[in-house]
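I opened this notebook to keep a record of what I looked up, in the order in which I looked it up. The entries follow the display.

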Amino acid sequence: MSIETPCIAICMMDPRTNLCFGCGRTLPEIARWHRMENAERLSVMAELPVRMEQAGLPRLEPASRSKTG
């Protein structure tokens, strides 16, 4: 079973807001992510766009993934 995640592989914390520049989660949310129930993950994910906008953080594009083979 795969766990959906908002991570876009741009993992840096904004010291002003304590939110990840890439996904908008807090460090405690990131640390607990794989232990959260699906409903809690979905709830956090639903909040992220507004959270990022209110914090004044730009919406970043996912880091490019290298293709192999």
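Does Cys 20 count as buried or exposed, and what is its relative accessibility? I noted that the model is a predicted one, and in it Cys 20 has 4% relative accessibility, so it counts as buried.

**Entry on cysteines.** I searched the whole structure for disulfides and found 0. Cys 20 is in no disulfide, and the nearest cysteine sulfur to its own, that of Cys 23, is 3.9 Å away, whereas a disulfide needs the two sulfur atoms within 2.5 Å. I then turned to Cys 11, which is likewise in no disulfide, with the sulfur of Cys 7 as the nearest cysteine sulfur at 4.1 Å. Cys 11 has 62% relative accessibility and therefore counts as exposed, while Cys 20 counts as buried.

**Entry on rings.** I looked for aromatic pairs across the whole structure, and the search gave 0. I did find a charge placed over a ring, for the charged end of Arg 25 sits over the ring of Trp 33, at 4.7 Å from the centre of that ring.

**Entry on the largest pocket.** I wrote down a volume of about 260 Å³ for the largest pocket, and I counted 15 residues in its lining. Those that lie nearest the centre of this pocket are Gly 22, Cys 23, Met 52, Arg 59 and Leu 60. Sorting the lining by kind, I recorded 11 nonpolar residues, 1 polar residue and 3 charged residues.

Methods: Residues are numbered from 1 along each chain as its sequence is written. This is a predicted model: local features need pLDDT of at least 70, side-chain atom pairs count only at pLDDT 80 or more; totals for chains, interfaces and linings use all residues. Side-chain values use heavy atoms; hydrogens and water are left out. On a 1 Å grid over the protein atoms alone, a cavity is a set of points where a 1.4 Å probe fits but cannot get out, and a pocket is an open set with protein on both sides within 12 Å along at least five of seven lines; lining residues have an atom within 4 Å of a point. Grid points are joined across faces, edges and corners, and a volume is the space filled by probe spheres set on the points. Ala, Val, Leu, Ile, Met, Phe, Trp, Tyr, Cys and Pro count as nonpolar, Asp, Glu, Lys and Arg as charged, and the others, Gly among them, as polar. Rings of Phe, Tyr and Trp (its six-membered ring) pair if their centres lie within 6.5 Å; planes under 30 degrees apart count as stacked, over 60 as edge-to-face and the rest as tilted. A charge sits over a ring if NZ of Lys or CZ of Arg is within 6 Å of the ring centre and within 35 degrees of the ring normal. Buried means under 20% relative accessible area, exposed over 50%, partly exposed in between (1.4 Å probe, protein chains only).
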